Amino acid sequence: MSNERDVGNVSRVARGDERAADIAFDPGAHRPHAPRPFSAFRVGETFHIPSRTVTSAHFAAFQMASGDNHPIHYDVEHCRRHGHPGLLAHGFQVLIQSCAGACALAFVMEDDLVGFLEQSSQFLKPVYEGDTLYPRLTIADVIPQRTTGVLGVASVIHNQRGEVVMRGTQRYLMRLR
């Protein structure tokens, strides 16, 4: 269905035209971002993930999901006794902030994405409750193969002070068209 037809149908719906009710809704066409083929990705292309302030709810959810029961992640007094100003985020709790599904990248890869191959990370600064994280993904490699390609993505997370708290890589396998 063309955009011109969609605009006309929206106008008829706004006027209460009953014929507009005949338009079939396609859930598969309801996408926040248009998918594109592997060949359309360019090294240096950047995808920003919305910032997030780490709260006690994030600590509790991570502890519940991971089963990590070390007190440095949930006992403020334990943290203070060990020289930390508050709850210390687990590295994986920081890493999940760089999830491609939190930005447009996962949506534009969607139709050709085969799988998530690997990731690696370096945790460079501590993250505490109350810190605000600013994740960014950047296309680092576009490596075509015979029938698939590997998309390499550099991940970096800054805190509210502009410090890099995590740096890493992610690799995705994609179909070639």
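**Entry 1: S155**

I looked up S155 and recorded it as buried, because its relative accessibility is 2%; buried means under 20% relative accessible area, exposed over 50%, and partly exposed in between, with a 1.4 Å probe and protein chains only. I worked on a predicted model, in which local features need pLDDT of at least 70 and side-chain atom pairs count only at pLDDT 80 or more, while totals for chains, interfaces and linings use all residues. Residues are numbered from 1 along each chain as its sequence is written, and side-chain values use heavy atoms, with hydrogens and water left out.

I placed S155 in strand β5, residues 148-159; strands (E, at least two residues) and helices (H or I, at least four) are DSSP runs numbered from the N terminus. Leaving aside residues up to four places away in sequence, I listed S98, R136, L137, M166, R167, G168, T169 and Q170 as touching S155, where contact means heavy atoms within 4.5 Å.

**Entry 2: P35**

I found P35 in the loop between α1 (3-15) and β1 (46-48). With residues up to four places away in sequence not counted, P35 touches F107, V108 and D111. I noted that P35 and V108 lie 73 residues apart in sequence, yet 3.9 Å apart from C-alpha to C-alpha.

**Entry 3: second largest pocket**

I read a volume of about 170 Å³ for the second largest pocket. A pocket is an open set of points on a 1 Å grid over the protein atoms alone, where a 1.4 Å probe fits, with protein on both sides within 12 Å along at least five of seven lines; lining residues have an atom within 4 Å of a point. Grid points are joined across faces, edges and corners, and the volume is the space filled by probe spheres set on them.

Of the 13 lining residues, C99, A100, F116, Q170 and Y172 are the closest to the centre of this pocket. Two or more lining residues come from each of α5 (104-109), β3 (113-123) and β6 (164-175); β3 gives the largest share, three residues. I sorted the lining into nine nonpolar, four polar and no charged residues.

**Entry 4: whole protein**

I recorded five helices and six strands, in the order α-β-β-α-α-α-α-β-β-β-β along the sequence. Buried residues make up 34% of the 177 in the protein. Of the contacts between residues at least 6 apart in sequence, 69% join residues at least 24 apart.

Key: Ala, Val, Leu, Ile, Met, Phe, Trp, Tyr, Cys and Pro count as nonpolar, Asp, Glu, Lys and Arg as charged, and the others, Gly among them, as polar.
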